[in-house]
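Me: I would like to learn how to read a structure that is new to me. Could we take one feature at a time?

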Amino acid sequence: MKKPQLIISAAVLIATVLASPAHAREDHQLWTGAGVSVKLSDKWRISQDWIARFSDKRNGLYEIEVATLAGYKFGKSITVAAGYVHNPQYSEGDFSVLERRAREQVTFDNVAAFAGGKLSARIRAEQRWRENADGVGWRLRPYLKYSLPFNKGSKTSLTLSNETFVNLNTTGFQRTEGFDRMRNLIAVNTSLAKSLSVEAGYLNQYGFVRDGDDTIDHVASLALSLSL
């Protein structure tokens, strides 16, 4: 893909995710993250991720995610992982509720190559528990990512991704089944050092609301990744 085509494609995606239904409820947010992945052997790897989310409408910090996963790699492109997510949530900066999650996922790296870039995929399952709420919430999170280097051999690339949340049941806090929300990201990823990279971009989170106005979060996203 040549640069003019790249610019046009990115512009089309931005215009698409910025287009808002007339009655959607909108918010502007900042998501920051950091992740460390450590190779234990040729097959085993452990990872630790931290995410903090801030919102205009929620007056600051509203969520922290701390995820620990152990992964086993099959061949060159398939990794199976499982672990635990600690997810305290806040209201105007004050702690409100604790959510715990079990997480399992299968990642398929570089499953296809086209237009100079590579496509990866992931299917993630989660079981969710909340304090003082009944039931276990089950959901799936299919994910696709397309990565396109700016130039051949470049350490800087354009990233386009989509993640969809599908609720498999209802609980006291997971109130609807089916499609819950969708995240579309356009970002630039670049290497800062041999094992350190940064990704910055715009994420559009669209929430599907039954019998009400949908929600749209316009998110500035920034994440650091360290691989050891």
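Me: Is Arg 124 buried or exposed?
Reply: The model is predicted, and burial is read from the relative accessible area, with under 20% as the cut-off for buried. Arg 124 has 8% relative accessibility and therefore counts as buried.

Me: Where does Arg 124 lie, and which residues does Arg 124 touch?
Reply: Its place is in strand S6. Leaving aside residues up to four places away in sequence, Arg 124 touches Arg 103, Glu 104, Gln 105, Arg 139, Leu 140, Arg 141 and Glu 163. Separation along the chain can also be set against separation in space: Arg 124 and Ala 82 are 42 residues apart in sequence, with their C-alpha atoms 9.4 Å apart.

Me: How many helices and strands does the protein have?
Reply: There is one helix, and there are eleven strands. Read from the N terminus, the order is α-β-β-β-β-β-β-β-β-β-β-β.

Me: How do I read the way the strands are put together?
Reply: Strands of a sheet pair through backbone hydrogen bonds, either parallel or antiparallel. Here eleven strands close into a barrel, in the order S1-S2-S3-S4-S5-S6-S7-S8-S9-S10-S11, and the pairing is mixed. On average, neighbouring strands of this sheet are turned by 20° against each other, with direction ignored.

Me: Which sense does the pairing of S6 and S7 take, parallel or antiparallel?
Reply: S6, residues 117–130, pairs with S7 in the antiparallel sense, over eleven bridges.

Me: How many bridges join S7 to S8?
Reply: Nine bridges join them; S7 covers residues 137–149, S8 covers residues 156–167, and the two run antiparallel.

Me: How many bridges join S4 to S5?
Reply: There are 14 bridges, and S4 and S5 run antiparallel. Ser 91 stands opposite Asp 94 in S5. S4 and S5 form a hairpin with two residues between them, and Glu 92 in the turn has a positive phi of about 55°.

Me: Why does Trp 31 count as buried?
Reply: Trp 31 counts as buried because its relative accessibility is 6%, and the cut-off is under 20%. Trp 31 is in strand S1. Its contacts, not counting residues up to four places away in sequence, include Tyr 62, Leu 203 and Val 219. With the same exclusion, Tyr 62 touches residues including Trp 31, Phe 54 and Tyr 90.

Me: And how is empty space read?
Reply: Rolling a probe the size of a water molecule over the atoms shows where empty space is left. The second largest pocket has a volume of about 950 Å³. Its lining has 34 residues, of which Arg 58, Asp 180, Arg 181, Gln 205 and Thr 215 lie nearest its centre.

Me: Which strand gives the most to the lining of the second largest pocket?
Reply: S1 does, with five residues. Strands that each supply at least two residues of this lining include S3, S9, S10 and S11.

Technical notes
Residues are numbered from 1 along each chain as its sequence is written. This is a predicted model: local features need pLDDT of at least 70, side-chain atom pairs count only at pLDDT 80 or more; totals for chains, interfaces and linings use all residues. Side-chain values use heavy atoms; hydrogens and water are left out. Contact means heavy atoms within 4.5 Å. Two strands pair if DSSP finds at least two bridges between them. Helices (H or I, at least four residues) and strands (E, at least two) are DSSP runs, numbered from the N terminus. Axes are lines fitted to C-alpha atoms, for helices over the stretch in contact, and angles run from 0 to 180 degrees between N-to-C directions. On a 1 Å grid over the protein atoms alone, a cavity is a set of points where a 1.4 Å probe fits but cannot get out, and a pocket is an open set with protein on both sides within 12 Å along at least five of seven lines; lining residues have an atom within 4 Å of a point. Grid points are joined across faces, edges and corners, and a volume is the space filled by probe spheres set on the points. Buried means under 20% relative accessible area, exposed over 50%, partly exposed in between (1.4 Å probe, protein chains only).
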